[in-house]
Amino acid sequence: MFFTYLRRELRRRRKAALVVASGLALGIALVIVVNSVSSGMNRAQDEVLESLYGLGTDMTVTKAAEPPGEGETVRRPRFRFDAKDEGDDAEQSSDIVMVQGFETLASSTVTEVAKQDGVAGAVGGLSVNVMKVDGEFKRGAVQQKPGQGGPGAGGGAVRGGGADFDVDSYTAYGTDVAHQELGPLTSSTITSGRTFKKSETDARVAVLDSAYAKEKNLGPGKKLTISGTDFEIIGLATADSGDAAADVYLPLAQAQKLADAKDKVTTVYVQATDSQKIDGVKETIQKNISGTTVTTSADLAETVSGSLSTASDLASGVGKWLSVLVLAAAFLVAGLLTSAAVSRRVREFGTLKALGWRSGRVTRQVAGEALVNGLVGGALGIALGLAGAWLITTFSPTLTAQLGGGAGAGGGGGLRVAGPGGGGGPLRDSAHRALDIALTAPVSLTTIGLAVTLAVTGGLVAGGFGGWRASRLRPADALRRVE
Amino acid sequence: MYQLSGVTKRYRRGKDSVNALDGVDLTIEDGGRLVIQGPTGGGKSTLLQMLGGLDRPSEGSVVLDGTDLATLPEARLTRVRAEKIGFVFQSFNLIPTLTAQENVETALVPLPGLKARERRERAGEALAAVGLGERLRHLPGELSGGQQQRVAIARALVKRPAVLLADEPTGNLDESMRDEIMEVLEALWEEHAFTFVMVTHDSALARRTRRIATIRKGRVTVKERAVDAA
Ligand SMILES: Nc1ncnc2c1ncn2[C@@H]1O[C@H](COP(=O)(O)OP(=O)(O)OP(=O)(O)O)[C@@H](O)[C@H]1O
Ligand SMILES: [Mg+2]
């Protein structure tokens with residue numbers, strides 16, 4: 001009888017059931033969408049961070065920023081060209097290789113970091129900027145005006161002097177070829193040729209980012225000349241996120257030679273033994289190795305700005321509150337509607353009690369109806385939420401992420417110069433990078449589980465309200481003159 | 001057998017209180033028939049509620065077959081209602097979403113040890129006894145008022161109760177259906193010999209009934225008279 005009655009009620013009072021169900025459905029769908037968008041945001045953030053750090057890196061160690069001393073000027077690159085005699089059209093070329101951010105740590109720091117508690121691995125790397133200037137300088141020629149003569153007339157003009165320059169700036173990263181499990185190159189896949197051999201610690205070989213190689217029309221087997229040193233290009237790497245950490249990858253020792261930074265690194269990439277204890281490891285390193293700045297993924301994430309960050313704030317702030325609010329409202333409405341439905345059926349339940357139905361049986365009947373309503377609403381909500389998440393993933397709106405933006409360290413001309421108060425280390429190597437990330441809304445099993453739990457809870461809340469109302473009815477209500 | 005003594009039912013309305021029943025003493029023999037009459041608001045429905053264990057008196061005792069319904073614990077009172085008492089209401093009180101047969105079955109649900117099939121069979125028989133053997137699968141909304149009340153009568157009697165209480169069973173019906181319902185009830189009473197208490201204004205039936213109770217302002221007066229030779 002329980003199921004017959006239940007079935008009949010739900011079928012014949014479909015509209016009322018649908019109102020309760022769709023309220024719950026809306027709330028649950030919202031929870032699913034907000035949840036999955038949130039995890040999509042996290043995924044996007046991870047992607048951004050990964051493109052900077054590479055896989056597996058939990059934190060980086062860089063030199064602590066020091067404000068420049070009094071009277072100390074910010075170092076600037078300087079080029080020297082000779083103006084050649086007329087007729088000498090030979091192109092001149094000059095490469096300036098500078099350590100990115102101009103701040104370095106001793107290579108020994110890497111071993112020191114590796115020794116700290118909670119550190120599973122530490123690998124050093126050197127980021128450098130290469131500025132290549134190609135061009136010619138012509139000496140001007142003094143020309144006499146015809147008709148005017150005689151020294152001292154001073155009517156000549158300098159003509160034809162000038163310069164024709166091509167400035168090309170790119171980034172290179174000196175990677176520890178003996179320890180390739182950490183560092184920026186891990187977030188790229190070798191798509192042509194090969195990567196470094198462990199033995200190539202001091203070899204004149206280079207791996208190029210495929211986008212840069214394409215732009216410069218370079219490829220495996222060709223040569224790349226930096227500051228007069230020829231490097232054989234052995235492979236191309238394609239960044240998984242579409243945005244590479246560097247244009248050129250070199251063995252660390254070679255990069256150090258080029259930048260005149262022997263035994264120096266800019267960044268130490270650190271993997272913790274336990275990803276749950278990153279903050280503790282950060283503290284240990286900072287305490288034991290003075291003059292360093294430790295930046296965790298979480299720290300870096302805070303420097304992400306742009307629409308990704310805005311959307312992510314929205315999802316975790318407004319979205320969360322909105323879904324909690326809608327859900328609470330849906331629960332309340334479901335409860336009140338069920339309760340109101342019981343009020344409209346006072347005589348029906350009074351009659352059943354008059355027929356000898358125990359209070360518990362009537363309550364169970366009412367609660368059962370409400371529970372099924374809740375489950376229907378939950379199923380509907382899950383379907384709606386999945387559809388929403390699917391739509392977002394299908395249309396995947398593009399979000400931009402700016403890294404290290406607004407940190408105050410301004411660099412002109414494409415070169416970044418560490419200015420006073422130039423923020424933390426990673427800001428310096430990340431420069432102003434903007435990444436386009438497609439937003440997805442992956443639905444996890446946990447999210448589905450949460451939705452099912454909410455559906456059942458919604459049903460129980462509604463059933464509780466209704467059942468409680470029904471249990472308080474008296475059999476004499478059967479005789480009440482209502483309607 | 002019913003033995004009511006000093007039954008008072010007081011309803012509170014704010015500061016005032018109304019004695020819907022006021023010291024009612026009444027005895028009803030097993031298998032007997034009692035018609036209750038009286039002006040509106042006199043306390044007829046209230047008396048029926050006391051007899052049926054739907055509510056408890058404020059004072060006095062309602063003893064049915066040696067058990068005082070006034071003080072019986074709720075669970076046992078519920079069982080008395082389930083096993084011994086059948087109700088027929090003025091407004092039928094059928095469950096609109098259940099078929100005629102399922103409505104009748106609801107009266108058998110609280111009875112222990114009854115299988116679903118037995119329940120269905122007995123409900124079918126009870127409906128056949130009131131002339132609705134062909135309407136088992138109809139919903140209340142698809143039946144006329146008289147037919148609905150016959151479903152309600154089948155529901156009241158399907159469990160073979162010792163007592164049938166009817167509160168103006170023809171009150172919501174038009175004239176043509178009233179006699180039909182009264183005939184059905186009388187025939188069933190003749191056949192099953194349950195104790196039959198009915199609130200009604202139907203004078204034709206009253207003329208055929210030996211005991212008539214009149215309630216005015218909560219007080220009962222019982223008239224016993226010779227029955228008209230119908
Ligand atoms: N639940 C209640 N709360 C308050 N007063 C009530 C309640 N039920 C009945 N009464 C009052 O008790 C008195 C008797 O009511 P009852 O319904 O028994 O009268 P009745 O004889 O059945 O009238 P009618 O012929 O109109 O059905 C009336 O004054 C009524 O207002
Ligand atoms: Mg009445």
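1. How many of the 6 residues of strand 9 of chain B are buried? The count is 5, so the strand, residues 211-216, is mostly covered, with buried taken as under 20% relative accessible area. The model is a predicted one, and the points below should be read with that in mind.

2. Strands 9 and 10 of chain B form a hairpin with 2 residues between the strands. In this hairpin K217(B) takes a positive phi near 50°.

3. In chain A, helix 1 (residues 2-12) packs against helix 10 (residues 359-395): their axes come within 10 Å and cross at roughly 50°. Because of that angle, helix 1 of chain A counts as oblique to helix 10 of chain A. The crossing of these helices is right-handed.

4. On the helix 1 side of chain A, the contact is made by F2(A), Y5(A), L6(A), E9(A) and L10(A). Helix 10 of chain A contributes R364(A), Q365(A), G368(A), E369(A), V372(A) and N373(A). By class, the contact between the two helices has 5 nonpolar, 3 polar and 3 charged residues.

Methods. Residues are numbered from 1 along each chain as its sequence is written. Chains are lettered from A and ligands numbered from 1 in the order in which they are written. This is a predicted model: local features need pLDDT of at least 70, side-chain atom pairs count only at pLDDT 80 or more; totals for chains, interfaces and linings use all residues. Side-chain values use heavy atoms; hydrogens and water are left out. Axes are lines fitted to C-alpha atoms, for helices over the stretch in contact, and angles run from 0 to 180 degrees between N-to-C directions. Helices (H or I, at least four residues) and strands (E, at least two) are DSSP runs, numbered from the N terminus. Angles under 35 degrees count as roughly parallel, over 145 as roughly antiparallel, 65 to 115 as roughly perpendicular and the rest as oblique. A crossing is left-handed if the near helix is turned anticlockwise from the far one by less than a right angle, and right-handed if clockwise. Contact means heavy atoms within 4.5 Å. Ala, Val, Leu, Ile, Met, Phe, Trp, Tyr, Cys and Pro count as nonpolar, Asp, Glu, Lys and Arg as charged, and the others, Gly among them, as polar. Buried means under 20% relative accessible area, exposed over 50%, partly exposed in between (1.4 Å probe, protein chains only). Two strands pair if DSSP finds at least two bridges between them.
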